[in-house]
Structure formats: structure tokens, C-alpha cells
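Subject: Structure handover

Hello,

Here is the structure for your work. Please load it first, then read the notes below it.

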Amino acid sequence: MPQATVLLDRNFTIGETDRRLFGAFVEHLGRCVYGGIYEPGHPQADAHGFRRDVLALVRELGPTIMRYPGGNFVSGYNWDDGVGPVAQRPRRLDLAWMSTETNAFGTNEFIDWCRATDVEPMLAVNLGTRDGDAARSMLEYCNHPAGTALSDLRRTHGWAAPHAVKFWCLGNEMDGPWQMEAKTATEYGRIAVEAAKMMKWIDPTIELAACGSSGRNMPTFGAWEDTVLEHTFDYVEYISLHTYLNNYAGDTAAFLGCADLMDSFIDEVVAIADAVAARRRSDKRIMLSFDEWNVWYRTRRVRADRVKPGWPVAPPILEEIYTMEDALVFGGACISLLNHADRVKAACLAQLVNVIAPIMTETGGPAWRQTIFHPFAQMSRFGRGRVLRAEIASASYAARYFDPRGAIDQYYDMPAVPYLKLAAVHDAASGGLNLFALNRHLTEALDVDLAARSFPALAVEQALTLHHRDLKAINTKGDPDRVAPTPLTGVAATDAGMRASLPPASWNLIRLKPAA
Ligand code: AHR
């Protein structure tokens, strides 16, 4: 039976998790907005048209910040189309998803929805087909209190108080040729810094994220971050990262390992950002906003799935159905984010409802949890606190990961993949120690022996496992809880910390508390 040991110390900290690490993403894409969070006429709709069943699941999922309105969509979006009397809003062709956008739902409705779910809004401005002028107008409309044409327009639209949106994204994936008006790093850097400068003149309290590469495998990765930050360094707080993990190769072991590439990606972006700072002899540290991450591949490169004929409104596209296997990889990504809490200060699960999402709905029907819902909900609820530096000694395996956007060799030889991937979060207020642990061995349980130095004697408060003997098991409308957490037995507190046996191919949450 494979074994792993873990050594941690209450005083050795990676960093405090920022509230914004537990974010998600709502894009005007498929049925994410229309038929997802917003469906007037649905039996569960409230007076705003927000689905109450979805609101309840969102609260259970626990996202803290929500990115909106895109994604690729934002690169052609006129924010001003989406405000004012709904009957007068224009219908537009959306070239990102080959759909018709009705604009029935816009920025003000999104802010109301955020207030209803108690999440912070994160807004993106269009730096594709538009520029700094539209960005500053949108900010003035949203955040300026009153007394100017744009702020008074918001008031006449029914929102007297400013929205006070703090977190803004300067465009989306501007390095990608699929983007409307994609740009070179220099072109984007120039537009982004001018937009940022004006936006901060209007509201100096905002925080800004510049676009990083749309993936680690982009041919311009690295040089892009360097150039963009050279332009924007003085005006932004964050650089963004995006990653979608895949199993195109049908290689489960490599798939389970691939979340480790997120660790490499984060380390590389940190190094580049700090090199830009070093060239300036600056002690400013650019933080990372991992504002799109998930598993996504089945509905990704299939044109028929993305493009329906006839410019439909809210077509059912990118409706990825997640398996048990996906939930494990997703859990690995959660652990990668937690273990970089010192520099990743915001992150958004892409996306929230129906579109590559933890929550599925039937238009006119019920809503249910996909497999990936569970690791996220547990991370958001129990991942708040100080992430501890864990010394892990685990048996490992070799894997090659296939990534189809790679420029030259589409296979990556991965660093050795330890069977155990783990994050440990100490909640100083309660004294609790929460462990998130993935056993990547496909057929054998993993014995974990954990020493928690400088902790008082510990007792097991709760232990749950996400495990299914069929790695292709999914949740459906008719069988919504086929993959769901169940109690993890055999977890024991020891004199030094804790011992557990993690089932093969399992995600686990173990919560320890000071013994009475
Ligand atoms: O999340 C789906 C899409 O993936 C987003 O619109 C885009 O930013 C990314 O390529």
C-alpha cells in the first residue's frame, strides 16, 4: 500500500487566504445568465427574475466574488446596451459565441444579483472593440455618486447609490486570436495603461487586473506578461491567469496529475512579475488573479457544440457534464490555489451555472449539483485562514500530459506526480486545522501519517471523502447525488497529529480541532 508522510508546523505559513480566492464567473454565454441565474417566468423566479433555486445552490457553493460579463463576450460588449429601460435595449449579434444578445440582463441587474447572493462583483471592461474611453464611462456610471451625466443616468435608471465596484479586469484574453480585436502585448499594454490611468483618476480606490496569457501553452506566454507589466506596472494590482485542464488523451493518471502544472504556471508568473519589479528596484508586488480555471475539454473544441445555426438566444452550449474523475482533478486545482495563497489573491471558477459549471439547470425545471460542486463548496467553507507549508514525502508516478494548444510538442513530460496532493489551512480563531487531500493512486488506498508540530493535541472534528468506484460517474437531474461526499472512516488523531487511509482516487476533507 503506498504511503505518504506530512510534516507541518503551526508557525510556518505560506499565506493567508484572501476572501477573493473563492470566486466564480458569470458570462453572457449559452445558458449561464438566461436560463441559469436569470429566468423570469420560472416557477422559482423572484420579483427580479432571479431563480431562487439557483440562488440557494450558489449560497451553498459559497463563491465570494463573481466575474462578469465575460470572458470572450466582453471583447465585443457595449456596457451601455445593457442599462436603462429593458424594452429599449438593443438586440446584438454576439460574435464570441455566435448568439443573439437581448441585453435583458445587464450591469445593474448583475449588481442586484450579487447583493442577493452576498458576493462581491468583479467587472470586466471591453478593451477589444472598445478602449479607455468606454472603460472610464462605465466606471463613472457605476461608481461615481451623482452630479454628472453618467452617474445621474444610473440614478434615473433606478440605482441611486453607487455600485462601489472595487475589482475591475482590463479586458479578457487579449493575446488570443479568437478574441474580438486581439492585440499584441505592446498594443494591449498601451491601451490597458491608459484605461487604467483614467479609471484610477475617477476612483482611486479600485483595484485593477491586467490580462496575462490566456494559457501557459500560448506561444507568447512569458514575453506577454513581461511586456504588459512593463506598461501597466504602476497602475495595476493584479495580472490574470487562465487554465482549463483536460483529458483529451484519455489518460486518467496524467489527468489527475495535471493540476500540478497550475503550480508551475503560478510560480512562473510570479517570477516574471517580480523580475519586472526588480528592473524598477520596486518593492511593489503584483498579485495574481487566477480569474478562469476549471476542467474543460469535451465541449471545448467541438464547433457544432459551440455554434448553433441561426444566431440563437442563450443556446445550450459548453454544457460540460462533469465526472467523478473531473472532480478529482478539480480538487487538485483547489489545492494548487490554496498552496499559493501568498500570491494568488483572487481566483474565479469558470463558470457558475450551465456553462462549464458546478450548477446545472433545466430551463423551466430543477437545478442540481455537478460533481465539481463539492470540492469547491468545501474549499470555500473550510479554506479560510492561514495556509501552512507542508513537507510532503509521497510515493510518486511519471506522466505525460497532452495539451492541444501547445505550439511545438503537444505532450508535456510532467515532473514526478506525488500520489498525495494536500493543502493544510489553519483557522487561528477556532484553532482548527483543515486538510484537503487528494489520493491520485487509481487502485490503492494511500496511508497518510501527518505530524502537526506546535499544535496542541488534536481530535477529529469531521472527515469526508468524495469517491466513486466508477470514475466516469456523473450527477444528473434524475440522480443528482450519485457523486457526493460521504463519511471517511478510519481517521485517527495521534500524539503527533493524525493518521488516515485515503480511498483510491479520492478527494478528502479532514477537519481537526483542539482536543477538549
Ligand atoms: O470560460 C469560457 C471562455 O474561456 C471564456 O469566455 C474565455 O475567456 C476563455 O477562453
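The notes below cover the domains, the ligand site, salt bridges and backbone geometry.

This is a predicted model: local features need pLDDT of at least 70, side-chain atom pairs count only at pLDDT 80 or more, and totals for chains, interfaces and linings use all residues. Residues are numbered from 1 along each chain as its sequence is written, and side-chain values use heavy atoms, with hydrogens and water left out.

**Domains**

There is a domain 1 (3-10 + 388-514) and a domain 2 (18-383). These bounds come from an automatic or database domain assignment. The C-alpha centres of the two domains are 28 Å apart. Domain 1 gives 48 residues to the contact and domain 2 gives 51, where contact means heavy atoms within 4.5 Å.

The two domains bury about 4100 Å² between them, with 64% of it on carbon and sulfur atoms. Buried area here is the accessible area (1.4 Å probe) that two parts lose on being put together, summed over both.

Nineteen is also a number to keep: 19 residue pairs are in polar contact between domain 1 and domain 2, both residues at pLDDT 80 or more. A polar contact is a pair of N or O atoms within 3.5 Å; within protein, one must be able to donate a hydrogen and the other to accept it, and residues adjacent in sequence count only if both atoms are side-chain atoms. On the side of domain 1 that touches domain 2, the elements giving two or more residues include β21 (420-427), β22 (432-439), β24 (458-466) and β28 (506-514). Strands (E, at least two residues) and helices (H or I, at least four) are DSSP runs, numbered from the N terminus.

**Salt bridges**

The structure holds 35 salt bridges. The criterion is a side-chain nitrogen of Lys or Arg within 4 Å of a carboxyl oxygen of Asp or Glu. Six salt bridges run between domain 1 and domain 2. K477 pairs with E362 in a salt bridge, with 2.9 Å between the closest N and O atoms.

E60 and R369 form another salt bridge, and their closest N and O atoms are 2.8 Å apart. This pair links distant parts of the chain: E60 sits in helix α1 (residues 52-61) and R369 in strand β14 (residues 367-369), 309 residues apart.

**Ligand site**

Which residues surround the ligand? They are F25, E27, G71, N72, W97, N172, E173, Y244, E292, W296, Q351 and I356. Each has a heavy atom within 4 Å of the ligand.

A backbone N or O atom of N72 is at 2.9 Å from one. For E173, a side-chain N or O atom is at 2.7 Å. For Y244, a polar side-chain atom is at 2.8 Å.

**Backbone geometry**

Check G71 and Q351, both listed around the ligand. The G70 to G71 peptide bond is cis, with omega near 20 degrees. G71 is in the loop between β4 (65-68) and β5 (92-94). The bond joining A350 and Q351 is a cis peptide bond too, with omega about 0 degrees. Q351 lies in the loop between β12 (344-350) and β13 (359-361).

R281 is not a glycine, yet has a positive phi of about 50 degrees. R281 is in the loop between α8 (260-279) and β11 (287-295).

Best wishes
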